[in-house]
There are 4 protein chains.
Amino acid sequence: MRSLEVKNRTSSDTIKSLRLITAIKTPYLPDGRFDLEAYDALMHMQIVQGAEGVIVGGTTGEGHLMTWDEHIMLIGHTVNCFGGSIKVIGNTGSNSTREAIHASEQGFAVGMHAALHINPYYGKTSLDGLVSHFEAVLNMGPTIIYNVPSRTGQDIPPSVIQSVAQNANFAGIKECMGNDRVKDYTDNGIVVWSGNDDQCHDSRWDFGAVGVVSVTSNLVPGLMQKLMFGGKDPSLNSKLMPLIDWLFREPNPIGLNTALAQLGVVRPIFRLPYVPLPLARRIEFVDIVKELGRENFVGEKEVQVLEDDDFILVGRY
Amino acid sequence: MRSLEVKNRTSSDTIKSLRLITAIKTPYLPDGRFDLEAYDALMHMQIVQGAEGVIVGGTTGEGHLMTWDEHIMLIGHTVNCFGGSIKVIGNTGSNSTREAIHASEQGFAVGMHAALHINPYYGKTSLDGLVSHFEAVLNMGPTIIYNVPSRTGQDIPPSVIQSVAQNANFAGIKECMGNDRVKDYTDNGIVVWSGNDDQCHDSRWDFGAVGVVSVTSNLVPGLMQKLMFGGKDPSLNSKLMPLIDWLFREPNPIGLNTALAQLGVVRPIFRLPYVPLPLARRIEFVDIVKELGRENFVGEKEVQVLEDDDFILVGRY
Amino acid sequence: MRSLEVKNRTSSDTIKSLRLITAIKTPYLPDGRFDLEAYDALMHMQIVQGAEGVIVGGTTGEGHLMTWDEHIMLIGHTVNCFGGSIKVIGNTGSNSTREAIHASEQGFAVGMHAALHINPYYGKTSLDGLVSHFEAVLNMGPTIIYNVPSRTGQDIPPSVIQSVAQNANFAGIKECMGNDRVKDYTDNGIVVWSGNDDQCHDSRWDFGAVGVVSVTSNLVPGLMQKLMFGGKDPSLNSKLMPLIDWLFREPNPIGLNTALAQLGVVRPIFRLPYVPLPLARRIEFVDIVKELGRENFVGEKEVQVLEDDDFILVGRY
Amino acid sequence: MRSLEVKNRTSSDTIKSLRLITAIKTPYLPDGRFDLEAYDALMHMQIVQGAEGVIVGGTTGEGHLMTWDEHIMLIGHTVNCFGGSIKVIGNTGSNSTREAIHASEQGFAVGMHAALHINPYYGKTSLDGLVSHFEAVLNMGPTIIYNVPSRTGQDIPPSVIQSVAQNANFAGIKECMGNDRVKDYTDNGIVVWSGNDDQCHDSRWDFGAVGVVSVTSNLVPGLMQKLMFGGKDPSLNSKLMPLIDWLFREPNPIGLNTALAQLGVVRPIFRLPYVPLPLARRIEFVDIVKELGRENFVGEKEVQVLEDDDFILVGRY
């Protein structure tokens, strides 16, 4: 189904050089559909404040709560509106090889610059199966592989990565297993993005990571840009830590969703099974914003402590 | 779900000025998936030879044989690769209002410049139902309505068009009911595209139509461009008539699919229920090409009489 | 994907003997989902009052407004709850051969007794294409073919039927082209169901039709049963005519939907593009009910003239 | 969308009494579609040899590699053909609450006797989110909740189960966290099925579990029936252990798929990302069968060591 159009070709090298990639939030309307106006505003903030890439429909963007047609549409929309200003990396991974193939074909067809692929979570497979899974999608275009055992229930061992790294489309790995693993890869010439905001400063400056795929940058893109580009800066890193700790007290993107609603940049709407953080946490967030400085956060409205009744949870959409 | 991005806004007036819109063919691979390389080549030929717009996934492009995710993907792909050079009009119509709403939302989200909407074929509805159907989609962006009773089993009467024509997004009508109907509209300031290649010359030059949505232009875009732009030209019109007659002896796009395969610009693959024209007709086509001049047709290969065995018919894909 | 389970096997001969088949209405909840409680009640009325078969998701049941998973679910539900008492014929036809294949495989897998297949409406195809389309689905199980040119825009000529009639699964044709066509078939040993309630009495008693696929029997199953089983009865036929005329003044199932809501057996909810008949017609219906006798109609509530505001029209569901 | 049909009502108490539930394998044709003939044969073996329930489309049945329409179809098919002889429990769980709601509604509509629900794997959520997720589906019918942190990345703590156990539809928990957890539940009156074949004997006879949801019973249903019904039998349990160890050396259902192919009861076809066990393991399996006795295994053919080339791996289907 390949297209040879120039507009559909991005080199792996271009992807390999990205330092700040934001796993962008997907905002919703009260009936659970996408809120594209809010999405576009979030994208602008990312571009203006220095993000070089976005993951569309990642776990942060709740790709697992989308139908595939919604997901591909959002990738196509992002490419069409912002593809000239930022690299669009579609999370077209799946625990079903068929779905990963189908979504990746469609994602590249609508112009995404790279794909993010996960190992088969929940269903899992053997190491041979992992290699077969990744090989089924690697020929389509630049690809980042994502390792997050706390979600998938299965570590992708370096041997599997070495095996698929021969493919010219392999751009690198988004790794959550810590900085020893990061170093192991970067010593061997494999490009790594930290998948943990709390470790990314050290990953980048001490362990050879090229950058980060960040959740926190949805909130403070400028500070995360500085953290990745401005040289070693343990002081900034420390200042960010309370925010990062707060964000990940419950499974992501629960904290992020709550925070963006409090900042007034998205409507306070959750697709189940996500529910907002409780009031006590929401009060904490206001304090964190004040501590770090409202001006460092996205949006212009005053940060608010939302009431329980302000939130809409949608199960059918 | 609205996006306010500049890249997603096209005015109805821009659409109203298009004279040559090609209802572009969708080519296939042997397993029935889209052949995007061939598609992109067809798109280039259209752009170079003067088409100003394309209908993606129209009846000619076999939108009714696509899943909606394929369909939206093809619209997004076309916008991404060619949207700067040609207007992309997605056939996001359906006999189901729900599907028409959903597809149009998605089509505009991925950047299509306008939607083509059909009245509910097969299921049909009352005149009040027709108005409700069109009103459900008109607010999303520039819209062309398509009237083809020989397919839908139901004429859209002028009263319905008058009623929806108030909407600023209404661009005009693709009309197949003949030149009296065309004149009736153009006398009243409603933009019309002829939906019949055999009538379009007269529609354009004698009855006020702005142009044509053409099937024939898939094959001879340059000649159709001349027919729409070059002034009244009954001689050219007559010269084209044998080709046009040949194309529509069986329901479109059977003739077109057969012709493009014979010209070597698409693989000889049909999604059922379409099957190629029989050998006798294929021989006739070679003669028609010689008569009109191979150089006027798309592609560079010699025109061929394909054998029955050359064709692949796919039912599962 | 074939199953050989006894429970999944019905002979074509069993299907060929059915005289009263109701094209059953699909009722909805206010959010547009199926109202299975109301549906089950309608099914009971059909069974008790003598219908021997139902078409699930026909044009009357608005199969064209369903997703395929809804459609197959409804077939499976009907088989599971009522398959011992009535023959379940799934409308798994489509203008896309792929969809017809897929839906028919699934429908037979969940136990439907026969499939109803339409020629490719809207997209249309050649006579060779028609044969290829029907052959692609006939091997799966007992099949009724449906000819309704006023909806499809294309007549299925007897030559096509002759060609597919050799298949042991071919049960017969639901024909809307009038009694001359009916006679042409029945003279040649082909089983015919009338597809027109206003002609079915004569089709059955004068032209050899085995019975009817009826819309009207949704309302007056007992009377339709008498019409098909009770011997020639022009008087009953005449008595029914005002109701039948009323039902088809707008494209079916607009009249039926309005009537069932007025009888209080379904909620007054329409999936667009269908909208209710206007008030004047609703008043007429009350008179027709009184004339024919409320006791002959389904349900127990008094017939009502509903107000415009009583109706809910849903476009997103 | 509720149906009140008697055929669609099963009490939670009926579900609570099942001792041997097989997580049934889904067999495939060479093109990746379901092989219903083989499936029906597997179902017969289960019924004849004493299984009282089946999980359709569980992780063993590769529900995560199905489209939802395939999945619901398989549930409907199983109910229709075997629902009178065995309880059909559809795995209509998902990490997306929307999908879990939709699939459960459809599964109950086509007659499944109970639903199996998983906590949101991969995406995960907070404890409040878990409760909201389960509450969104519990009202539809009898429900078993499944806890398998090695797949989901998140334990369902007893507090969450206590919270949802008030619902009359809560039948019990399929628990993989070991026998201390099992005892904790059974001491408190909560029904438990062991989710680990290697622990199920002890769970049943020493820790109060009602029975097992078994993978191994696909192969040796009679022995597993004896293990659950025949009284404490450490000798039988020990005899089964080599088979059970062999089955779970790679993530399930890799071992099971390989074994059933070697026994000649399913075609040697894998949907990716699953791939067969390597030759050395396949040789081991033949020895295990001989040791336990071929007559205790399903099927009648001689057990075979299949060659690598005998297997077909499908990625597109």
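Predicted model: local features only at pLDDT ≥ 70, side-chain atom pairs only at ≥ 80, totals over all residues.
**Helix pair in chain A**

I started with the handedness of the crossing between α11(A) and α13(A), and it is left-handed. I then looked up the geometry: the axes of α11 (residues 234-247) and α13 (residues 279-292) of chain A come within 10 Å and cross at roughly 160 degrees. Angles over 145 count as roughly antiparallel, so that is how α11(A) and α13(A) run relative to each other.

Next I checked which residues do the touching. From α11(A) I noted Lys239(A), Leu240(A), Pro242(A), Leu243(A) and Trp246(A). They meet Arg281(A), Glu284(A), Phe285(A), Ile288(A) and Leu292(A) in α13(A). Sorted by class, I get seven nonpolar and three charged residues in this contact, with no polar ones.

**Chain D against chain A**

How are these two copies related? I found that a rotation of 180 degrees, with 0.0 Å of shift along its axis, puts chain D on chain A with an RMSD of 0.0 Å. That makes the relation one of a two-fold axis. Both copies use the same surface, as 100% of the contact residues of chain D recur in chain A. I also looked for the residue of chain D that comes closest to the rotation axis: Gly153(D), whose C-alpha lies at 2.6 Å.

Then the interface itself. Chain D puts 42 residues into the contact, and chain A puts in 42 residues. I have about 3600 Å² buried between chain D and chain A, with 56% of that from carbon and sulfur atoms. Which three residues of chain D supply more of its buried area than any other three? They are Arg98(D), Tyr122(D) and Pro273(D), which supply 24% of what chain D buries against chain A.

Technical notes. Residues numbered from 1 in each chain as written. Chains lettered and ligands numbered in written order. Heavy atoms only, no water. Least-squares fit on C-alpha atoms with pLDDT ≥ 70 in both. Contact = heavy atoms within 4.5 Å. Axes fitted to C-alpha atoms, helices over the stretch in contact; angles between N-to-C directions. Helix = DSSP H or I, 4+ residues; strand = E, 2+ residues; numbered from the N terminus. Parallel < 35°, antiparallel > 145°, perpendicular 65-115°, else oblique. Left-handed = near helix turned anticlockwise from the far one by under 90°. Nonpolar A, V, L, I, M, F, W, Y, C, P; charged D, E, K, R; others polar. Buried area = accessible area lost by both parts, 1.4 Å probe.
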